[in-house]
Amino acid sequence: MSETSIKTKALSGEDLFKNVISHSKEYGFIFPSSEIYDGLSAVYDYGQNGMELKKNIREYWWKSMVLLNENIVGIDAAIFMHPTTWKASGHVDAFSDPLIDNKDSKKRYRADVLIENAMAKVEEKIEKEVEKARKRFENFDEAMYRSTNPRVVEYQKKIDETNARFKTALDAADMDALRQIIVDLEIACEVSGSRNWTDVRQFNLMFATQLGSVAESASTIYLRPETAQGIFVNFLNVQKTGRMKIPFGIAQTGKAFRNEIVARQFIFRMREFEQMEMQFFIRPGTQKEWYEHWKTARMKWHASLGLGESNYRFHDHIKLAHYADAACDIEFKFPFGFKELEGIHSRTDFDLANHEKHSGKKLQYFDPELNESYVPYVVETSIGLDRMFLAVLSNAYTEETLEDGSERVVLRIPPVLAPVKAAIFPLLNKDGLPEKAREVMDLLKYDHICVCEEKDAIGKRYRRQDAIGTPYCITVDHQTLEDNTVTIRERDSMKQERVAISALADIIEGRVNMKSLLQKL
Ligand code: ATP
């Protein structure tokens, strides 16, 4: 069967998202947490295939940071940290989201998200007008159209004015002003349809718990809301023991916890999630060039996975976080639209300087070239592992109709990330074929996760592997017993070829090898 005879079903938006969610449960990628008790809101467990995919994404990120950069090393800090850490980092005072309730539906929203979504809708209207005009006019001058068409100009004015008010309100933490924007934009609740809103209140996202067994002597500590602070408090330990010279980076992957107000988008926004963060310590004054460097490097990392370059875009922050002098997101086109996947932040000396202040310990670097000590500046890259997982999975999920009219669901996951790399099938469950299949399995299993399946017709076995994204299916038949060859079928094209068993390891390695992707970075 040729690839051109495969018809891909056009799926997008809600339909795609719904199917991805149910598929990931049905095929062992993601389960609701403690499902037998009806689950726990915004908490999920990774199943047998999900944890492999997640591990592979983590490994690809880790290698791109720690293996490829001699001046980046990794650490694994504890989730619990001294409570003063979070005072110094600003999280106790400023890590909160503005929430608002609709009085009729009782549904809770993030006030800033309501405004952002309303603005995104206006932006969509502009893009629609532009696209319509592009089709209508030959030699279409887009810049001219955007600056002169009365409707587009009106929409743009609304966006600019709202953004300016939005920024002022956020900067001043003025909750009444935020509410007024929601009222003025006539935003309605998606459930009740009413505009009957409560006041906007600030809500701290950190989970607190008690350390110590005796209530009176126990002290409040937090589950870390980001992994970055574990890196900052270890800055001098790593610099000294690793004899690191600026510029250098510290990478870390691990769990983070946020009591998110609105957590409705599957693993996009969870209360327990995993981050992959890298803090790059630099000389003050060089932050602009390093910020640009890491923006480019991170976009290249994404592009190398082949999820489609038009599915990514940069989005500059209009409101900078309390620690940043420049910040942007790498957004990905999820089934529910372009949303933040990764953040790149120029954090200045905010964190180290504040830890110096609160701990009374010097957190400075002596720069031998300048012959002076200073608190380094930091550029951070911070990506959510679960969001990356969702990006890969939703991009991979494809429903197809084949030439013979049959249908399949295939996960076109980049082969380096696929949970299972090869499935080995004895054609029949007799005549010594299962034993021969085991031999093939033994040949491959030390390097890759492989499965050997004897049950069901071969077509069914193919479908099961397509559904979890296995790039190769290898069939052992009677001819194998005679000449030690097998057929190998490639997942996406479904093309089959006959190859010698002795060539299998190289063929598979050639396609699933991380090295060849890393070499492109
Ligand atoms: P958002 O605006 O979506 O709440 P954020 O700007 O607060 O995200 P950061 O603090 O910059 O996010 O965290 C870095 C990365 O961690 C994000 O780009 C995202 O991929 C991931 N992340 C943050 N919060 C969550 C969450 N609740 N669930 C899953 N991933 C998350």
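This report walks through the ligand site, a helix pair and a loop in a predicted model.

## About the model

Because the structure is predicted, local features are given only where pLDDT is at least 70 and side-chain atom pairs only at pLDDT 80 or more, while totals for chains, interfaces and linings use all residues. Residues are numbered from 1 along each chain as its sequence is written, and side-chain values use heavy atoms, leaving out hydrogens and water.

## Around the ligand

Let's start with the ligand.

Strands (E, at least two residues) and helices (H or I, at least four) are DSSP runs numbered from the N terminus.

The side chain of E340 places an N or O atom 2.6 Å from an oxygen atom of the ligand. A backbone N or O atom of M270 is 2.8 Å from a ligand nitrogen, and a polar backbone atom of F268 is 3.4 Å from a nitrogen atom of the ligand. The protein buries 87% of the 600 Å² that the ligand exposes when taken alone (Shrake-Rupley method, 1.4 Å probe).

## Two crossing helices

Helices α5 (residues 111-136) and α8 (residues 175-184) have axes that come within 10 Å and cross at roughly 35°. These axes are lines fitted to C-alpha atoms over the stretch in contact, with angles running from 0 to 180 degrees between N-to-C directions. A111, L114 and I115 of α5 meet L178, I181 and I182 of α8, with contact meaning heavy atoms within 4.5 Å. By class, this contact has six nonpolar, no polar and no charged residues.

Most residues other than glycine have a negative phi, and most peptide bonds are trans. In the loop between α10 (235-241) and β10 (248-257) sits P247, and the peptide bond from I246 to P247 is cis, with omega near 5°. R243 is also in the loop between α10 and β10; although not a glycine, R243 has a positive phi of about 50°.

Methods. A polar contact is a pair of N or O atoms within 3.5 Å; within protein, one must be able to donate a hydrogen and the other to accept it, and residues adjacent in sequence count only if both atoms are side-chain atoms. Ala, Val, Leu, Ile, Met, Phe, Trp, Tyr, Cys and Pro count as nonpolar, Asp, Glu, Lys and Arg as charged, and the others, Gly among them, as polar.
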